[in-house]
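My entries follow the structure.

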Number of protein chains: 4
Amino acid sequence: MCGIFGIYPNKDAARLTYLGLYALQHRGEESAGIVTYDGKKARMHKGMGLVSDVFDEKSIQSLRGELAVGHVRYSTTGSSTIKNMQPFLVSHKKGNIAIAHNGNLTNTTRLKNMMEERGSIFQSTMDSEIIVHLLAKSDKKDKKQKLTEALSQLEGAYSVVLMLDDVLVGARDPHGFRPLCLGKLDGAYVLSSETCALDIIGAKYIRDIEPGEIVLIHKDSIESIKPFPKKKHAICIFEFIYFARPDSNIFGKNVYLTRKCLGKNMAKECPANCDCVVPIPDSGVYAAVGFSQASQLPFEMGIIRNHYVGRTFIQPSQFIRDFRVKIKLNPIKDVLKDKSVAVIEDSIVRGTTSRARIKAIRESGVKQIHMRVSCPPLRFPCFYGIDFPTKKELIASKHSIEWIRDFIGVDSLKYLSLEGMLNAMLLPKEEFCTACFSGDYPAQVSKKFSKNILEK
Amino acid sequence: MCGIFGIYPNKDAARLTYLGLYALQHRGEESAGIVTYDGKKARMHKGMGLVSDVFDEKSIQSLRGELAVGHVRYSTTGSSTIKNMQPFLVSHKKGNIAIAHNGNLTNTTRLKNMMEERGSIFQSTMDSEIIVHLLAKSDKKDKKQKLTEALSQLEGAYSVVLMLDDVLVGARDPHGFRPLCLGKLDGAYVLSSETCALDIIGAKYIRDIEPGEIVLIHKDSIESIKPFPKKKHAICIFEFIYFARPDSNIFGKNVYLTRKCLGKNMAKECPANCDCVVPIPDSGVYAAVGFSQASQLPFEMGIIRNHYVGRTFIQPSQFIRDFRVKIKLNPIKDVLKDKSVAVIEDSIVRGTTSRARIKAIRESGVKQIHMRVSCPPLRFPCFYGIDFPTKKELIASKHSIEWIRDFIGVDSLKYLSLEGMLNAMLLPKEEFCTACFSGDYPAQVSKKFSKNILEK
Amino acid sequence: MCGIFGIYPNKDAARLTYLGLYALQHRGEESAGIVTYDGKKARMHKGMGLVSDVFDEKSIQSLRGELAVGHVRYSTTGSSTIKNMQPFLVSHKKGNIAIAHNGNLTNTTRLKNMMEERGSIFQSTMDSEIIVHLLAKSDKKDKKQKLTEALSQLEGAYSVVLMLDDVLVGARDPHGFRPLCLGKLDGAYVLSSETCALDIIGAKYIRDIEPGEIVLIHKDSIESIKPFPKKKHAICIFEFIYFARPDSNIFGKNVYLTRKCLGKNMAKECPANCDCVVPIPDSGVYAAVGFSQASQLPFEMGIIRNHYVGRTFIQPSQFIRDFRVKIKLNPIKDVLKDKSVAVIEDSIVRGTTSRARIKAIRESGVKQIHMRVSCPPLRFPCFYGIDFPTKKELIASKHSIEWIRDFIGVDSLKYLSLEGMLNAMLLPKEEFCTACFSGDYPAQVSKKFSKNILEK
Amino acid sequence: MCGIFGIYPNKDAARLTYLGLYALQHRGEESAGIVTYDGKKARMHKGMGLVSDVFDEKSIQSLRGELAVGHVRYSTTGSSTIKNMQPFLVSHKKGNIAIAHNGNLTNTTRLKNMMEERGSIFQSTMDSEIIVHLLAKSDKKDKKQKLTEALSQLEGAYSVVLMLDDVLVGARDPHGFRPLCLGKLDGAYVLSSETCALDIIGAKYIRDIEPGEIVLIHKDSIESIKPFPKKKHAICIFEFIYFARPDSNIFGKNVYLTRKCLGKNMAKECPANCDCVVPIPDSGVYAAVGFSQASQLPFEMGIIRNHYVGRTFIQPSQFIRDFRVKIKLNPIKDVLKDKSVAVIEDSIVRGTTSRARIKAIRESGVKQIHMRVSCPPLRFPCFYGIDFPTKKELIASKHSIEWIRDFIGVDSLKYLSLEGMLNAMLLPKEEFCTACFSGDYPAQVSKKFSKNILEK
């Protein structure tokens, strides 16, 4: 997963982009980068690590120009990550192109083979680079035609912020998998994955970029085209469940209120007979608030999260059981002892983390644990950008809920139903992609591609 | 403020101390250090920054020995901070001495002058170094006598963990200002400022070190002496209000439950006619939970805290108002808009931060803001280790509550009363130092010292 | 200027290449890099700075494989130097290609335009990248044909070491501007700019790669082709004058002996009536030894060079005159005072450095200074890889020797004649490029290219 | 060994000291430091590594004040070297004291024991710290009396530059083991181990500080006292043989001319029947020049030294024999092949390095090697600051010259005689300490001390 941001025209473009990326940091902690354009020259600074590690005053000052494009990248495995940092910038006879991409393309192998056959050389292993090559290869002089020609060859998920010399471009694929919104700060337009990045710079939210829309932001005007055939909308519901920040609006709707509603629906669908409601912090807090209000059970922050957790950490002593959990979460004995508690989780992926957490909670002397999960069982991998494990690693793809309850070690385990989840949404249910729960993939995927992912 | 930790005897002493310090990180982010002793040689590693930055696998492995003493130090101003890192280690003809100190001595000038007159040389500007010099100067061979002779010359606040060659020592001043507890992990004894550090390594809480007590931990035995005349106990109440971790027990009592009780007492003493209760995260969360439960008003996490905030941050654009607040906290418009809310703060020091926060909350379109503060107005500086500003910078020392309400910009402002605060405590009210609220300083302080602090 | 190195097959390929580059460090201090291939995968490590700064044990160990290609790059101006580090590696559908290039191409603009027009994207501003694109674009399956097709399009100077998957390739342009020799270490073949890199790893010198020759080193065989039309040889004479290490053989001949011979010819052509011969260290030492022997005048190391000179150095005080010289060279008063000395320089470029040096020598109280320069006046820029300044910055392009003598401040100034220089060479005079002295450029250069360089 | 420097009063004191230390870098590569005093406050910056690594523009600018003291420290073994960096600064009730010390005290154990007994605490393991403690302990108000009282308790070797608040002090022990000279730059006085540091800043040499002399430099005056009983002078002859820079004057005499004279005496005492004279660079060059001139044999730089050798270097391949030598020195085959050569070394310590060098030279195909060493066999350790190995590691303490010749592998081996060495000196022979050759130690040394060193 990734976060993308752009702004034009503003004299402080790089600095505002820095702040925007900082607000989008939760969408990717692996690397961060900014490209600017000052009318003549494109400048780039990027590096591995958090936004606050990658940039300093000097690098921000060096990024001159009123147009900026920024990117934060999610931590994935693989050694060659340095060359996969974004934005990806190319300075070419025909001009400068920079891309910040969120999403996964599904026809990359075919496109890349075709272009390498003709002698193109790819620097990275990112599908994002293909978009740049398609733009560079296009003979169209008009930027709208060039964008249409290049993007129409893509399949899969993409929300992109592009710099084409002095034009800032925002675009979403026709299914609209990933979010992208438009804001305004004084005379400048802003593009961002989530509204929390508008808030931090004091920009006003205008609207979301629509599925299949391309927006071109010029120095003193803005254009919108929708050159592609319409497709079924397929908004990622997991952005609401887990990924986005609670204080953000995405796809036009607030995440906190949605999550609270998930909690309310859980209280109705799968109530728990217990003394109090305790969230797994931070992600379980918002559904827990809803659950508590709807069930009239007291809300307690009975597990404390340590926010100093860094990226690197020395190996723990062998004597310390469940160390990875303890380093992050500490259940409060005096709160939990002899209580029957409803523990609220946002989702269960492999089940191993939940199991370790429950073990740590048990040590506090709790009487009963009733786990409630604010989405249905995750059974299918995602082809569109969420970094789930393969199908066989998803615990719910192979096991019954009863088996999982046993494995995790709780007294009762209930998932919110697909219906209950969709009802909590503030948008019509037809708008969503729920493939990870249902297996109904909205966009056609080549057999080879899906096989790779399903079996990897 | 500082966090201190010690363990003996355990083969993984340095690694466990690293984890203990990591759990005590909130007590000091400026520097961290560990000293170990392997029966022959003392080893030290310390550095500026967070525990996870200062140590790596290599440095932990180099810290051989079954006895370890650790320290985290609070960020204060001043350029010469490197030489003020702790533990402070001295290798001397008479043996190795290391100290980790939490608290402030009040008779340092006199002691230091006296010793420098005789030719002693001080490396640092820390009062902690004086304790080491007193120990080194003592001619007593018996360690209990040596400790008694040295510590009896001190006035003010100290909880210390010491290494005297192969003896681990824990001690608290007779007033008992700062916390220090004793735990056990397999055959080893553990000393720690708070119990959260026992939890992370799986140690069992035994009891608190008592005011005026010195505990000597030998390889296979433990001794306790109480050589000093009894003094009035003066436990720091601000540890419960703000400083300690909510999942810790200090002075034998749980912090979360105490804070919840503060919130409950507020709901009774100074209720608010409003739609919901919103904490300033994270420190206001626990009193807000209590306030919500006692007042039957819904609890909402209407303000989100960004946990990526690092130590260094590039200068913000001039266009961004209230930047320092926005970088940390984001009020959720869709939650707060047109609502009347009770905002729960733990305390107000200068008032400028609260003011900026309220301004940011106002931008969300909230209808009314009723601020409730979970302690009385802070009117006096602390001589015993809390790094408050001088008297004149404490907003409540010069201004009425009504004036402060105006300054901060809320519709109503109520503080919890001294009585209400003391009633929330799980210990008798006579046990506490409340000097920062009342001006009643429990330990005599030289005029020169207090003048320095009062007017600095 | 650059240094290049390759070895195959040897289990310690990366480590040996590291040592080879270390020996070639004088050919380029800006950046260093190594690419290896293990039969399946290509690995790369490169960085800015000296070989010993760029590599450590860990990076060398990570460079697995029996084939290695290395490069050191000369310090040039320009901000975007990071992306210009070599070797340049491309992993492509058709295979892995890495290049280490020494020399300057003269038809890059035309080739690059042509390829960008067709949609190719260049990462760097190096002409070396063009060679990789030509190889990637070629449809030839046979590596000899592919190399012939690609290299035949190049004009200008290139000695290259290439990795084409599991084949190590060495090639020199038909003029043979830059050196490249072949050595053998046990079963492995070695390619290197100079023999000093063979010496350090204990490899045996076999022969030089010939102008226009391409050598392909396979795991168990070696092939040579000469597919290009013959051209006039044009060996860079400046490699002997200044650039190569004195302990190296280049183009088959020893540098030290050649420089000593330059000194001998100077003693004959332009003797000096003086008390002793003093070199400007280190580069003037070898000609000075020859001058001393031929003239029977005593050799004195009257100027000492400080070898701690680093790359970065803080600004000197304004009080210190001729600081840049003093930081490197210190004339010995007790040796030079009241003496008449012949000072031996290898060459004069701008004249400003020599001027400052002479000023510093004057302060020692020397009686007379007779400067002798071991090559003719430098009057023309180099198009083939030596980083001379533009024509107008070359002092001898605009000024008479008498004017230069005055400017530098010596009692007499004599340059070795073109004839005297060529006579000192151990190779026939027809073999050399002497364009920088004579303006006779051996390879045709486009007007636009030469204009750029001549006027830059 | 160490280098020391001081200047007062000059507005650029820190910057000039930086340059002075840079010129003295050969006297110590382990650490570097500067202390300044601005009339009110003392400032310090020091670090491990070379002068150019430790300081940057920012640190130099932060070192405000017109008085500066600097130090470079020689690389020795031991892990706790960080706390042994100099200058050693103490800020004390009685004032600020900083010390930069070159030499070794011989009565440290007794002094340290005495002071620790009374409660003093030492930070470092340096004998230099003792001098500071003696100064701090002294009750004398007058600085001359204080210095006399403190320094009179010392035995052994010390040249020191001290800062006592606003007084710069230079002193040498009564034997005068280590050098220290006085210079002048405009209105400021300069103290330095060698004159090369005066040259780099353009200061004028005034005279040497005399053995047993203390010089106090005030803002506008200079005082000299000689409060100690006279002792036999014992100038370190090894400074001339090896340690000092050839362009320096030490003890008032030039090093280059002395070394050349050593070479001339060798040519007379132990001539070699050979084709040419080849130095081991750089230290053998100057004696080789003298040998060549006196013997009329041609001087050849037949072995080239690589000056890129850094401090850290990755482990060489096991295939590379004599790697440590090859990385530094490369014999030139075309120069040495079939020649009979006189190889000039400055000294032989353990013999292992010479052996490896000779092995490498043999590979060049040389016919005969006649090694000539410009001092007598080293048979005794140094108690006064030269970091020789223990007696039993000195090859000449246990073995005959014939045995050493065999071990090293040369055709003949001759050392210069004690007489021949002393005759080459430009000072009377009675002035020198020759203990490392003769075993006649000029200053009394406690049995315990010498036993430690002799057997360590």
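**Sheet in chain B**

I first looked up helix 10 (residues 285-295) of chain B, which lies across strand 17, strand 20 (340-345) and strand 21 of chain B and runs at about 170 degrees to strand 17 of chain B. The model is predicted: local features need pLDDT of at least 70, side-chain atom pairs count only at pLDDT 80 or more, and totals for chains, interfaces and linings use all residues. Residues are numbered from 1 along each chain as its sequence is written, and chains are lettered from A and ligands numbered from 1 in the order in which they are written.

Helices (H or I, at least four residues) and strands (E, at least two) are DSSP runs numbered from the N terminus. Angles run from 0 to 180 degrees between N-to-C directions, with axes fitted to C-alpha atoms, for helices over the stretch in contact.

I noted an open sheet of four strands in chain B, in the order 17-20-21-22 with parallel pairing (strands pair if DSSP finds at least two bridges between them). Strand 17 (276-279) and strand 22 (412-415) of chain B are at the edges, each with a single partner strand, so one side of each has no neighbour in the sheet. Four bridges join strand 21 (residues 368-373) of chain B to strand 22 of chain B; His370(B) has Ser412(B) as its bridge partner.

**Chains C and D**

I found 48 residues from chain C and 47 residues from chain D in the contact (C-beta atoms, placed from the backbone, within 7 Å). A rotation of 180 degrees with 0.0 Å of shift along its axis superposes chain C on chain D, RMSD 0.1 Å (least squares on C-alpha atoms of residues with pLDDT of at least 70 in both). The two copies are thus related as by a two-fold rotation axis.

Terms used
Two residues are in contact if their C-beta atoms, placed from the backbone, lie within 7 Å.
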